[in-house]
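The following note concerns how the chains of this assembly meet one another. Please read the points alongside the displayed model.

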Protein chains: 4
Amino acid sequence: MGQLRVGMVGHAFMGAAHSQAWRTVNHAFDLPLSARMSVVCGRDDQRAAAAAAKLGWESHATDWRQVIARDDLDLVDICTPGDTHAEIAVAALAAGKHVLCEKPLANSVAEAREMAAAAAVAQTHGIQAMCGFNYRRVPAVALMRQLVATGRIGTVRHVRAVYLQDWIVDPEFPLVWRLRKDVAGSGALGDIGAHIVDLTQFVTGNLITSVTALTETFVRERPLPAPSLSGNGQVTVDDAALFLARLDGGAVATYEATRFATGRKNGLRVELNGSLGSVAFDFERMNELEFYDATRPTSEQGFNRILVTEPDHPYMAAWWPAGHLIGYEHSFTHEVRDLIAAIASNNAPAPSFADALQVQLVLDAVERSAATSAWVAVEPELAPV
Amino acid sequence: MGQLRVGMVGHAFMGAAHSQAWRTVNHAFDLPLSARMSVVCGRDDQRAAAAAAKLGWESHATDWRQVIARDDLDLVDICTPGDTHAEIAVAALAAGKHVLCEKPLANSVAEAREMAAAAAVAQTHGIQAMCGFNYRRVPAVALMRQLVATGRIGTVRHVRAVYLQDWIVDPEFPLVWRLRKDVAGSGALGDIGAHIVDLTQFVTGNLITSVTALTETFVRERPLPAPSLSGNGQVTVDDAALFLARLDGGAVATYEATRFATGRKNGLRVELNGSLGSVAFDFERMNELEFYDATRPTSEQGFNRILVTEPDHPYMAAWWPAGHLIGYEHSFTHEVRDLIAAIASNNAPAPSFADALQVQLVLDAVERSAATSAWVAVEPELAPV
Amino acid sequence: MGQLRVGMVGHAFMGAAHSQAWRTVNHAFDLPLSARMSVVCGRDDQRAAAAAAKLGWESHATDWRQVIARDDLDLVDICTPGDTHAEIAVAALAAGKHVLCEKPLANSVAEAREMAAAAAVAQTHGIQAMCGFNYRRVPAVALMRQLVATGRIGTVRHVRAVYLQDWIVDPEFPLVWRLRKDVAGSGALGDIGAHIVDLTQFVTGNLITSVTALTETFVRERPLPAPSLSGNGQVTVDDAALFLARLDGGAVATYEATRFATGRKNGLRVELNGSLGSVAFDFERMNELEFYDATRPTSEQGFNRILVTEPDHPYMAAWWPAGHLIGYEHSFTHEVRDLIAAIASNNAPAPSFADALQVQLVLDAVERSAATSAWVAVEPELAPV
Amino acid sequence: MGQLRVGMVGHAFMGAAHSQAWRTVNHAFDLPLSARMSVVCGRDDQRAAAAAAKLGWESHATDWRQVIARDDLDLVDICTPGDTHAEIAVAALAAGKHVLCEKPLANSVAEAREMAAAAAVAQTHGIQAMCGFNYRRVPAVALMRQLVATGRIGTVRHVRAVYLQDWIVDPEFPLVWRLRKDVAGSGALGDIGAHIVDLTQFVTGNLITSVTALTETFVRERPLPAPSLSGNGQVTVDDAALFLARLDGGAVATYEATRFATGRKNGLRVELNGSLGSVAFDFERMNELEFYDATRPTSEQGFNRILVTEPDHPYMAAWWPAGHLIGYEHSFTHEVRDLIAAIASNNAPAPSFADALQVQLVLDAVERSAATSAWVAVEPELAPV
């Protein structure tokens, strides 16, 4: 069996999640290529070495440019903050490496466009690029897409999406990198809002065409994080982003991404209402999907709580018997499973960089709407030249 | 339109619930007879007068014997504690009055047999008797019965029934009449256990044939209630009754009735598992029924939360638009609705006294099993002579 | 005990609900005045007579002007469509009658202003006016307000409110009056959107200051209703209204009112996130309130499902033991309970016409925003002259 | 860092789950020993080789006697059906290997006693033995134990435990080994009933002292499994086992284990009611624990849905941020984490073979009760000689 030799850049939260996926994927799924965890790269030598040991990588490195230059690697997995995505991804593709890049694709539309263009070129050489919107690979979400795609809820009229967290409600929570615009690009919007934009476009098969938005920063100043605990700094990103949208299929939508929803830890919730039925999902109960089938006899209609753990549910045949739940990390295992399968068959994986650019264009429209207090049309993606 | 002139004996909790039903029934349902709230009867003249005023009765009385002797009454509604049911009911039937008797039918099998015999005789004269197992008239329960009766869950294999309350967890809660065997007959068993016995036999259409049981009294001594607050008295009934059972259709069952389930206020829960599906009900969410249909496509199977508020659900056309809930008291309104309809059409209402006797026989078997630590067969009902 | 003699105008859905409340209120609550159901008024003599008989009114009438002119009435209860509210209410107040007016207060801001002005004048003569936002009187909602008002969730940051119904998803559902702008004023916005505007302002104690909105009509043509079944007519109101808002306390909000949320029957849901906790309510489980208390030990924090049926919960001491649910209609009983208490003590009931005018101003801002695709400030209420 | 060299016997469902645990444990937790997956053993050479490749073992073997004789192994992990547990475990302990043995410990009390005795002897030589009741290591279960142990629910009065599955409802489902007494020992009782016996004793800290039980086999004949598809065979185990029990702390309990609960896939549910509160757990929502605290103000009491994903919840600091769920397999990872920690510190892991013997004694009492229709006392464990 051939190998897919992986170099991963970044080893924090996302790096740990991706490592678990790479370690596990070939033990759960039968695939034509075997993932090999060749090298992990981080700026600090000691911490990178520790990460390699802890997360299961064969070696470590400190310079991503050297990593992408190696000829014994097939794929670069980018798990760094958003401000470095574009540079690494474009260079890796140019070096002939497949790329998996964490979301959001970039911190700006300009960068995202450049990345999508680079991916389009690479594709002509059989080099694949994928953006890591892992929630698409939650089995309940994949089932939701199936139900919509096969017409089970009819024409989608309403999209209702929230992504609710609460980890910075405490005003003494420090000014970490995710709260700095220069590193993170935006706050709740790009971090978690991006997920619900991608997810809802994915499950509906429709694109957002225009938005009206507001953003808010409730706590504008926070203590600087250790070790530089010398006073406060400015929060330069949004704490919350709310917007209404219209989709190209005729649906209307509400979106909300916030880090101030006290008590909601990872409350990604999506409901779609269609002419024939509805579906509802809550990530805090990620193994369940609710499906309302309005074509059943009236007296028996209701929201059907499907426990998405049957062998004929997406991805689930690889795991445990029905009723035995899977967790957050499995979405990443499914993601790299699909990526490996795409690479092995020389097909484009989804979501592509172009898909992720489109999400970026929506985020950009949200920011422009919030800044101007006006409805804003999502810019067209433009064909890569 | 003819009248149904009602005299009610007892005006505490059940009396208030029945009053609300009699007041409301003709405003919600179109019926051939109009209920007239003629007289309420209680031992204390002043309290009975106050009850009449508060609950909407035309007059009050203090002697139930005089009430049943009146020739301007058509029905006697018995809402007293269980130790007086038999005497009042038998006398009222003998006096040619229809009878609605609260559950449990009696405090002993002997009394219940006497009452069932009296009801059988009265029936031959067109006089009807009904026992007030009001939960049969919760729309979700009636729908459960419909689903089972029409074969939607196939052969019933499992019955799982609990009735959980917590109002006497505090050891300082006083020794009210419901905790005294001489008045109440038994504790949790007869008070709430009776409900789940009746309800499960009703919805399955099967009868319990044998049981193995335990009963327990966790707090055996309690303060005497006001005004006699002079020390403690013995609790002479069960705090909790648990039993396993076999039903004549082949199902096996667990039952539990307790007043010590901290946090469960009126947790009457029933689940049935059949060869083709399952149904589950929780009275604390009494407007919902969960239905699992194992004949649907595997990937769409799940517990379907039916909001039982559609016009084509049992009793619901009389009330509000779909999604507008009804409450506990509506079960009594439905009960007297069905009773009025039965009387008007000269049909026997259900549950009959014979049905209620059968429940009493089950309770008796439970008590004998608990006393002897042995499996006990439920005695046959015996045809009334 | 004194009487409060009531004349009710209109006897459809709302008329039935109000009748149940007037019939029940003095049997559930001890009040200084006894409601007397004197007369019900409807345009058609025969139907009004039938309504009087069915709903329990002493007499019926066909001309509301004659009703308000009677000197044996104390209060006029207006249950007609919105296009007649202003004329009846202003005349009734002028005739010295207390007024209970269903929501929305009026079909236009101009009418609502006139009504609020009339109510202000009447108030100086001891004549009271109240608008029927009944959901304020759901015990769980009243408890939510208590928790917010006593600081249990801290500063409110997020309001998330939807009112989801599905009764016109079928394009063959006829063009009833609620779908005609000339009678109903607006569609989902005024009918159910008004409820969530009032409810969220009530529980937060904050007012909406500006909005950005969209409205949509998914099915623009429908069959004319019986008996005039001759072809189709235009739907002239919104099927759905969505808006973002800012509140004067600093919170940001999403609102959605729709009649196209397949499977959601009466899905009024409100969640508030504050700096110290959160509360969440769903009318389809109206006896429950979820409360997250972020001041508890971290490992024990969670959404606490309070069954709002304890005697120390708002309004509940009048009803049944803990765990015994109440229904939709009880909100109206509580409403008239509070109204009677206010009248008896010569205090202004809430929500006043001025409160309801403020809701109308929000709805007006929503409509203007939807029409102009711009953020719109809610107009100030202006002191009545 | 030292190694813990593991040989695993059996590579079906449990073998796959254990493999995932061994592969993952050192990447999630910082431990003094590193697990090394040395060899997997199965009867069929080809299948064992495939399992080694798929599950990540360095080598494979076909004779467990040779495996336990190897001097380059430290631990034997027994994942075979119950009929072989005793022989392998006793031999492995005698060979100086630590042992992890899947539950139920054995197919008979006699075997279990022998194993417990062997473990006691081994313990004196620093050799550890543990039985794999993995559900103890679900964080929500561990939290439940903490709450009970620290007195948060007071004296436990009620235990209510079910383990509901439905995988053999179809009468055409074949006669697999789990339905044969000679291999599996018992049916639902030993397979899943064992789990709820262990779990409830673990979380309460109390032991079952006596039981009254029934068992039932609904489908007594089934098709022989492939490849021997030549007709039917007898089902020789229970499909369902139900029992009442008394615990040594004074609590009363209901238990039910069944494979005929249509729609319930892995419905392990436990509720405890105590004098000060209650806890409730459902494995189908394994990341949640419901906790009712009766010492809070009455109007705020409710079942608190704790999302057991906080860093200060048991085991969770090793995983993802709050709100990011874990799955079934994590319970095994936690199990081997605790086992490794115990071995490294030369402490006895729990549950010990003696603990598992006690569970076996309860199962034995259940079977004897079901056979004799009598209450049966659980036999004392007897001190190992």
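**Note on the chain contacts**

1. The model under review is predicted. Among the residues of chain C, Ala374(C) is the one that comes closest to the rotation axis, with its C-alpha at 2.8 Å.

2. The axis in question belongs to the superposition of chain C on chain A, which takes a rotation of 180° with 0.0 Å of shift along the axis and gives an RMSD of 0.0 Å. The two copies are therefore related as by a two-fold rotation axis.

3. Where chains C and A touch, 30 residues of chain C are in contact with 30 residues of chain A. On the side of chain C, the elements that give two or more residues are strands E7 (156–164), E8 (208–216), E11 (240–247), E12 (252–258), E13 (267–274) and E14 (277–282) of chain C. E12(C) provides the largest share, four residues.

4. By class, this side of chain C, which touches chain A, comprises 14 nonpolar, 12 polar and four charged residues. Of the interface residues of chain C, 100% are also interface residues in chain A, so the copies meet through the same surface.

5. A further contact joins chain D and chain A, with 23 residues from chain D and 23 residues from chain A. Here the elements of chain D that give two or more residues are helix H1 (13–28) and helix H2 (45–55). The largest share of this side of chain D, three residues, comes from H1(D).

6. The composition of the side of chain D that touches chain A, by class, is 10 nonpolar, eight polar and five charged residues.

Key. Residues numbered from 1 in each chain as written. Chains lettered and ligands numbered in written order. Predicted model: local features only at pLDDT ≥ 70, side-chain atom pairs only at ≥ 80, totals over all residues. Contact = placed C-beta atoms within 7 Å. Nonpolar A, V, L, I, M, F, W, Y, C, P; charged D, E, K, R; others polar. Least-squares fit on C-alpha atoms with pLDDT ≥ 70 in both.
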